[in-house]
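Visitor: I am new to this structure and would like to be shown around it.
Guide: Have a look first, and then ask.

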Amino acid sequence: MTTDEKYMRRCLQLAQNGRQNAKPNPMVGAVISLPPAPQKGRESWRILGEGYHVRCGQGHAEVNAFASVRPEDEPLLSEATMYVSLEPCSHYGKTPPCADLIIKKGVKRVVVGCIDEFAEVQGRGIKKLRDAGIEVTVGVLEEECKALNRRFFTFHRLSRPYIILKWAQTANGFIDDDGKALAISTPFTQMLSHKLRAEEDAILVGRVTNEREHPQLTVRQWQGNNPKRLVIDHQHPLNLEVLHAHKIQSLIVEGGRKTLESFLTQGLWDEIRVETNTALTVSGGTRAPQLPANIKVISRQVYGENIIVNYIK
């Protein structure tokens with residue numbers, strides 16, 4: 001692992017602290033590090049400051065990183081490198097441009113994880129830094145940095161939420177027991193489902209599931225806000241433009257087979273999360289949806305007899 005990768009990975013760790021409260025802004029982490037200078041008695045790298053975007057409307061990661069620098073270390077910024085997981089903003093929003101602050105602070109070098117696809121940025125922050133004479137490196141751990149904010153990027157690139165299809169199934173591939181609701185998740189994996197709900201903006205089921213099971217679709221075993229509850233049927237189809245207008249960046253689909261397959265058929269999904277209880281079988285019922293071809297596994301977690309696998313296209 002290179003030094004740049006080491007500090008960018010720290011940026012990613014910091015950024016995740018804003019998962020619930022930074023929305024609808026992206027999660028961003030920043031680290032200011034001072035390189036070795038044996039002639040000045042510095043034999044190794046030293047972190048001068050670090051921060052992350054805590055809450056929408058408040059200071060960005062770069063602002064918080066600079067604020068954490070001790071006054072006596074301020075003169076060292078001219079020798080320092082700032083690492084930031086997402087391109088610094090160059091426009092006035094709820095806060096001033098971070099690119100301007102970096103220039104004002106006079107850091108020597110900036111390392112950026114990935115370019116911000118938001119229309120108001122898209123490379124302008126990097127250009128502003130380079131025009132000011134700051135050395136800029138782009139693309140360190142780029143895929144990881146993009147993945148962290150895939151909801152934000154999908155929302156702005158496709159004008160729709162990031163869509164997660166989610167279901168639980170028995171070992172022999174059923175999602176219920178002859179049409180009756182079935183407890184497939186364990187208490188622990190159910191808690192993980194509530195954690196997911198706390199991290200996403202909205203959750204959707206079909207009319208039949210809603211009427212048959214009366215699911216609460218709330219955060220009960222995790223801390224956070226309940227996602228917006230949506231129910232669809234033929235008379236009330238999903239309108240992605242409305243979701244985009246309401247700034248819903250992510251959507252969990254937890255419906256029955258027909259609802260899930262309607263999304264799969266249209267290719268209208270970004271991630272699939274399947275929980276399988278390897279110790280549970282039933283004699284018949286509703287078959288779980290068939291996974292699309294050529295999908296990639298991005299995570300596989302084992303929790304006792306239950307396995308949760310996440311897929312992307």
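Guide: Some terms first: helices (H or I, at least four residues) and strands (E, at least two) are DSSP runs, numbered from the N terminus. Two strands pair if DSSP finds at least two bridges between them. This is a predicted model, in which local features need pLDDT of at least 70 and side-chain atom pairs count only at pLDDT 80 or more, while totals for chains, interfaces and linings use all residues. Residues are numbered from 1 along each chain as its sequence is written, and side-chain values use heavy atoms, with hydrogens and water left out.

Visitor: Which strands stand at the edges of the open sheet of 5 strands?
Guide: The pairing in this sheet is mixed, and the order is 2-1-3-4-5.

Visitor: Within what arc do the buried residues of helix 3 fall?
Guide: Buried means under 20% relative accessible area, exposed over 50%, and partly exposed in between (1.4 Å probe, protein chains only). In helix 3 (residues 98-105), Cys98, Ala99 and Ile102 are buried. Seen down the helix axis, the buried residues line one face of helix 3, because they fall within an arc (taken from the directions from the helix axis to the C-beta atoms) of 105°.

Visitor: Which elements do these buried residues of helix 3 pack against?
Guide: Packing is judged by contact, meaning heavy atoms within 4.5 Å. The partners of the buried residues of helix 3 are helix 2 (61-67), strand 3 (81-86), strand 4 and helix 4 (124-131).

Visitor: Is Glu199 buried or exposed?
Guide: Glu199 lies in helix 7 (residues 187-199). Leaving aside residues up to four places away in sequence, Glu199 touches Arg19, Lys23 and Ser250. With a relative accessibility of 13%, Glu199 counts as buried.

Visitor: How many of the 7 residues of strand 12 are buried?
Guide: Strand 12 (residues 306-312) is joined by 7 bridges to strand 10 (residues 271-277), and the two run antiparallel. Strand 11 (residues 296-303) also pairs with strand 12 in the antiparallel sense, over 7 bridges. Strand 12 is largely enclosed by the rest of the structure, because the number of its residues that are buried is 6.
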